[in-house]
Each structure stands twice: as structure tokens, then as C-alpha cells.
Amino acid sequence: MPQQISPLAPKSYPDMPQIDGVAIATAAAGIKYKGRTDLLVMTFCEGTQAAGVFTRSKCPSAPVDFCRRNLAEGGEARVLVVNSGNANAFTGRKGRESTAITAERAAEAARCRVGQVFLASTGVIGEPLDPDKFTHLLSGMIKNAEPGFWPDAGRAIMTTDTYPKYATATAKLGGATVTINGIAKGAGMIAPDMATMLSFLATDAPLSAEVLQALLSKGVEDTFNAVTVDSDTSTSDTLMIFATGRAAARGAPAVSDPRDVKLGEFRKALHGVLKSLALQVVRDGEGARKQVEVTVTGARSDESAKKIALSIANSPLVKTAIAGEDANWGRVVMAVGKAGEPADRDRLSVFFGDIRVASEGERDPDYSEEATSAYMRGEEITIRADIGLGRGQATVWTCDLTKEYVAINGDYRS
């Protein structure tokens, strides 16, 4: 793990409140590194509902397959076990056996069904995960789990992250206040399509698994599915939410219909947590020094706008120019042109911040290299491309591409 914390790290972290019905424990199991916390257990009270979105990679990890099967059985949860240091991906029969053993031991310790256990792993792909390294710890962790260990949970799932990622929000549901907490990890291999990115949320709201799934599936589209660090979708992307329902004792109404109007404030709060975590992942991109917001307007459709925005955000040439603080708007033009979406060279306008640098097929007549270069020295860069063909628009977020990214990934396994 890099020793230098990203310059884009939060200046402070939120106070993470307890979620009634959730308890947490962490441990240093030595899965890859010695003396480093690498194992997380969350336990949930009886009746907890669960939902999740996962990688669309055709080479998913064994834990992703396991979680998908368990969610299909009814969406009840009692235990979440997460390890870092090993992704348990592309590990064949050994990977499936590892998940089975882990789930069985967790279920035995928590006195629940294997179908109520959820698993996630992050780290190196292709290395078998030995369950004997950590499953003997599960019983004690489950027994000694505490509700206030959210900061520990965020640190336990880090790999090349330079800082843990937290978010919390409250919302009114009926006349009662409910809470949402979330943690995430991710720094490289980040181009979620699901939804090495993991994120786990918990709430005390009494929501059914169907409601959670609908809210989560919708919420990721312009949050986790609108960020990219390096255009590479992990085999392990997992985003799950757990609802204990304990706020019902304080008057929160149970909600089982995703269309229920009572969900309005909760939906906004959930979106805020998802967006905060997604942007923290971008700001911790491996070697990142700048956050980049890419907005495309005037496209033929919102879908077309998003494809163009991702073409810009994923371009190594655009990202290295930003790292070098070079106002090279020609690379943005290139990325628009290669996206395969409707575009017209002579209608395209490009902006860096509020500065229009190109329009009508050429450099803007008022372009100032000095002013634009000064803007590029900031930590947060905004790029906008107006296609000039319609009303479609989309925003995605990325980071710059620096020498440190190459250094981190050049020797990731060693």
C-alpha cells in the first residue's frame, strides 16, 4: 500500500453513527500482508434484508457468484465476511471450495443459514485463497462484534487505497429519522459496470429486499457507474446494502413497494451516500493528483452523451495531459470523435472550466493559453463538450494518469 496519502484525501472524516442491528469486527489475518488489518465481519439482526449489484465481467470472482446465488434465495442477511489481499478470482474449484468453507463456518458461528451469509474478496487475481488462514477467527469476531467499529471496517477492506472511505446520511421515513452508513474501497481497476471496487451500506430503515434492490440498481447509474479511474472493470465489483428494520420500533413505516411516495427523502439520502463514496474512490485513484469532472451536453441522447463522456474520461492522452497541467483540448476533440456516437466537428464546443477553448471546428478566437494553463493547475478540473446535436447530457468523474499509477501497478504482485 502506498505510504503517501493522496493529496485529494478528505481533510476530515465523518462521525459514523451506529446502525441499530449492525455489529462489526476486524482482524489482521495475514492473508497477504503481516500486521495489517485485512478481515472484516459485519453481523446483522434477524430479519435484515439485503440487495446488491455486482460486476458484469464475464470472469467474476467466486464470492460474486456466491452472493448472487444467495440474493436469489430471498435476500435475507445475517453475516458479511470481507477479506483484502486476495480476490479469490479465477481460482476455479479451489475458489468455490474456499467460499463454501468460509460461508459454512460463518453460518455456524452466527447460528444462521448459509444462504444468509454474504462474502466479498479483493486483491490479487489468480491466487487461491486459503480459508484456514482466517476462518478460525470468525467465531470470535462474530461473538465480539461491536456496533461502533465503522472506522475499523473502512480500513480493513483497503488494498492500494491511501485512505478509507466513509459516508453517512439521515432521512425521514414517515415521521421517523433513519440512518444510512456506507464504506467503500477502490483505487485501481476502477470502471464499475454493475453496478477491484467494494462498497457496503447499512440502514435501520424497514425496507424490503425488493425496495432495496430497486433503489440500489437505480442509484448506481449516475454514481458508481459514472466513475472511472483506468477503464478496467474488476472481476470483484460488489456493492451491497443491508436494512435491519430496527427503525420500525421508532415509528418508521415498513415499505415493500419501490414506488411508495414515502421513499422520496430516503432515496435522496441514499443517492448522496453513493455519490460521496464513488467520488472518494475517484479521488483516491492510484497516483491521482487531480479530480476530473467530464460533462457532455447537446448529444443525441443521454446514453450517447454518457458514451462520449466515458470516451473522454478513459482516454490516456486526456488523462496524462491533465496530469501534466497541459491545456491540450485537441485530445478532447479526439476522444469525442472516436466514441462512435453522433457528432459534428463544426458544431462541437469544448470548455475547460468556464473557458471555451474550441468551437465551430477550430480554436476559440478568444482563447488564452495563459488563462487556461492557470486553470489546469487546480486540483479539480472540469471538462465540458457540447456536441450541438440534441438535448442528451451526462456527467462522469475520473482522475489524472500519473507516473505513480504505472509504478503501483508495475509491481502490484511483488
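Residues are numbered from 1 along each chain as its sequence is written, and side-chain values use heavy atoms, with hydrogens and water left out. Because the model is predicted, local features need pLDDT of at least 70 and side-chain atom pairs count only at pLDDT 80 or more, while totals for chains, interfaces and linings use all residues.

Begin by selecting residues 92-110, which form α2; helices (H or I, at least four residues) and strands (E, at least two) are DSSP runs, numbered from the N terminus. From its first C-alpha to its last, α2 reaches 27 Å with 19 residues, close to the 27 Å expected at 1.5 Å a residue, where the expected span is 1.5 Å times one less than the number of residues.

Next, within α2, select Gly-95, Ser-98, Thr-99, Thr-102, Ala-103, Ala-106, Ala-107 and Ala-110, which are its buried residues; buried means under 20% relative accessible area, exposed over 50%, and partly exposed in between, with a 1.4 Å probe and protein chains only. They cover an arc of only 155° around the axis, and therefore lie on the same side of α2, the arc being that of the directions from the helix axis to the C-beta atoms. Just after α2, Arg-111 takes a positive phi of about 55°.

Now go to the loop between β4 (79-86) and α2, where Asn-88 is placed. Asn-88 has a phi near 45°, a positive value in a residue other than glycine, and Asn-88 is buried, with a relative accessible area of 1%. Phe-90 has its place in the loop between β4 and α2 as well, and its phi, near 55°, is again a positive value in a residue other than glycine. Is Phe-90 buried or exposed? At 68% relative accessibility, Phe-90 counts as exposed.

Finally, select the cysteines. With a disulfide taken as a pair of cysteine sulfur atoms within 2.5 Å, the count comes to zero disulfides. Cys-45 is in no disulfide, and the nearest cysteine sulfur, that of Cys-112, is 12 Å away; Cys-45 is buried, with a relative accessible area of 10%. Cys-59 is likewise in no disulfide, its nearest cysteine sulfur being that of Cys-67, 18 Å away, and at 43% relative accessibility Cys-59 counts as partly exposed.
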